[in-house]
Amino acid sequence: MRPFPRTAGRGLIVAALVSAVLLTAITACTVTPTIRREERSALPTTLKTVADQVSITGPRGRLNSQERKRLIQSLGQQGHSSLLQRHLAGMAAFGEVDLSSGNQAKLLIDGPATFEAMFSAIEMARSSILLESYIIDDAVIAQKLAQLLARKRAEGLTVAVLYDAVGSIGTAEDFFDGLRKSGIAVCAFNPFKPTKRPGYFDITHRDHRKILAIDREWGFTGGINISAVYSSGSFRQRRITAEQEIQRKEGWRDTQVRVRGHAAASLDDLVRETWVQQRCEGDLPAAQVNSTPTQAFGPDVIRIIPVTPEDRVNRIYALLLTAIDASQRSVYLTMAYFAPGPDMIDALCDAAKRGVDVQLVLPSVSDFSPVLYAGQSYYQRMLEAGVKIHELQTAVLHSKTAVIDGVVSTVGSSNMDWRSFAANNEVNAVIMGEDFGNTMITMFKRDVAVSKPISIEAWRTRSLWQRIKEAASRAFEAVF
């Protein structure tokens, strides 16, 4: 969800059209990442070469070359080993690829399943609970969480909450003061008042991550905030027909992943790093030397990818772009906010033209209309290239997931828009292998079943007003 006006009324669109000349110049200078095609084209796929290009940490430490080869081979036995090696090579084209083995990953669909799993893990916590969330609203679900965290703090656990000052702007300070009175360490990311934390006043740099790390053994990440909009599941038998209904809907469509193992320790480290970078009050006790899991909890190989605006290359963007370029069978994307740069559109269209099954599940309504219309401005070109587009009808879409060739799956906080790629702290979990990929594909097909397919014939005949909103919103998206 976004810290900006919720709708783009006619006045906004007219204003955007009046300033179109200026906006065109600004659009040409946007900070949407661009990665040259030649940088992502050479993909050596021999097992030895790929094994030499990746770093894998298991429960007993870093794997040597032979151990890496055996692990990649075992992943390949799930099916399509050549595709897996091809995608690992693509990832390695943009620097070291840090993978962790011995993890257990579980897909969580929508708020109720996610909150149930999170609360259950918190109940079992023995030493530390670290929560980082873009939005924490003062609703029933947040109150229940606050009570649980206070109880665990009273038991002597380290408990810390990091929230974004803009994302949680609607939450009264009394809520966070209540957490502090319970002994919980609380910190706002880039607060509005620079006097609260000198040197950190930057309203454009937001913390969009959603992380819960427990005992460095359990970790949760994805798109789900601590918010009332997730109070019920999204798969209902009725359709959303009016944009003004959005604000009173509960049951937004979103996805989270629960990981157990070394990947959870990586999420724990991320929260601690942000805490230090933000100069938050109340130092968190250092993670215990032996607190990182030393046993294998499952077969999953996971890559945790954090990004910040300071990164030279946005690694989530590079991962998606390279994987789409390398795709041979399928590209299935589910994206809440879809307004990518031209090279991402090129990659999707090129993949479809060479016979890859490229399908997108996108929103039919949104809590922020300009990005919805900006994304729709690319529909005609993609449809003409053979990309299949489906608009979800039964809920507000907030999920950010992808499964490519059935062997690369990603669940995270990063949208496909310039704000995620260049202005936010984001984090995605990437799970390698076909076993988890099949679960992702099943989820994708479930979303397609409650979506409306967009045909090229119908889209070519869309109204002039729709075209105006698309053009104006693409310009508007570039400057906000």
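Predicted model: local features only at pLDDT ≥ 70, side-chain atom pairs only at ≥ 80, totals over all residues.
Student: Let's start with the strands. Which strands does β14 pair with, and in which sense?

Tutor: A general point comes before the case. In a regular strand, side chains alternate between the two faces of the sheet. Now the case. β14 covers residues 357-363. Strand β12 (residues 330-335) pairs with β14 in the parallel sense, over five bridges. Strand β15 (residues 388-392) also runs parallel to β14, again joined by five bridges.

Student: Which residues stand opposite Leu360?

Tutor: Leu333 stands opposite Leu360. In β15, Ile389 stands opposite Leu360.

Student: Is β14 mostly covered or mostly exposed?

Tutor: Mostly covered. Six of the seven residues of β14 are buried.

Student: Which residues have the most contacts inside the largest nonpolar core?

Tutor: Leu360 and Ile389 are on that list, along with Phe338, Leu348, Met382 and Met432. The core has 60 residues. Take Met432 as an example. Leaving out residues up to four places away in sequence, Met432 touches Leu75, Leu84, Leu88, Met91, Val301, Val407 and Val408. There is also a second, separate core of 39 residues, and among them are Ala125, Ile129, Ala188 and Leu212.

Student: On to helices. How many residues of α10 are buried?

Tutor: The general idea: an α-helix has 3.6 residues a turn, so residues three or four places apart point the same way. In α10, 11 of the 12 residues are buried. They include Ile316, Tyr317, Leu320 and Ile324. From first C-alpha to last, α10 reaches 16 Å, close to the 16 Å expected at 1.5 Å a residue.

Student: What caps the N-terminal end of α10?

Tutor: Asn314 does. One of its side-chain oxygens lies 3.1 Å from the backbone nitrogen of Ile316.

Student: How do I read an aromatic pair?

Tutor: The whole structure holds seven aromatic pairs. One of them joins Phe115 and Phe119, with centres 6.4 Å apart and 40° between the planes, a tilted pair. Both residues lie in helix α6 (residues 110-124), four residues apart, about one turn of the helix.

Student: Are Phe115 and Phe119 buried or exposed?

Tutor: Both count as buried. Phe115 is buried because its relative accessibility is 6%, under the 20% cut-off. Phe119, at 9%, is buried too.

Student: Why is the pair of Tyr317 and Phe421 called edge-to-face?

Tutor: The planes of Tyr317 and Phe421 stand at 75°, so the pair is edge-to-face; the centres are 4.6 Å apart. This pair links distant parts of the chain. Tyr317 is in helix α10 (residues 315-326), Phe421 is in helix α14 (residues 418-422), and 104 residues separate them. Tyr317 is buried, at 0% relative accessible area. Phe421 is buried at 4%.

Student: Which residues do ring pairs link into a cluster?

Tutor: Tyr163, Phe175 and Phe176.

Student: What does Arg462 touch?

Tutor: Gln380, Arg467 and Glu470, not counting residues up to four places away in sequence. With Gln380 there is a polar contact as well: side chain to side chain, at 3.1 Å.

Terms used. Residues numbered from 1 in each chain as written. Heavy atoms only, no water. Buried < 20%, exposed > 50% of the residue type's maximum accessible area, 1.4 Å probe, protein only. Helix = DSSP H or I, 4+ residues; strand = E, 2+ residues; numbered from the N terminus. Pairing = 2+ DSSP bridges. Contact = heavy atoms within 4.5 Å. Polar contact = N/O pair within 3.5 Å; in protein donor to acceptor, adjacent residues only side chain to side chain. Phe/Tyr/Trp six-rings, centres within 6.5 Å; stacked < 30°, edge-to-face > 60°. Core = buried A, V, L, I, M, F, W, Y, C linked by side-chain atoms within 4.5 Å. Expected span 1.5 Å × (residues − 1).
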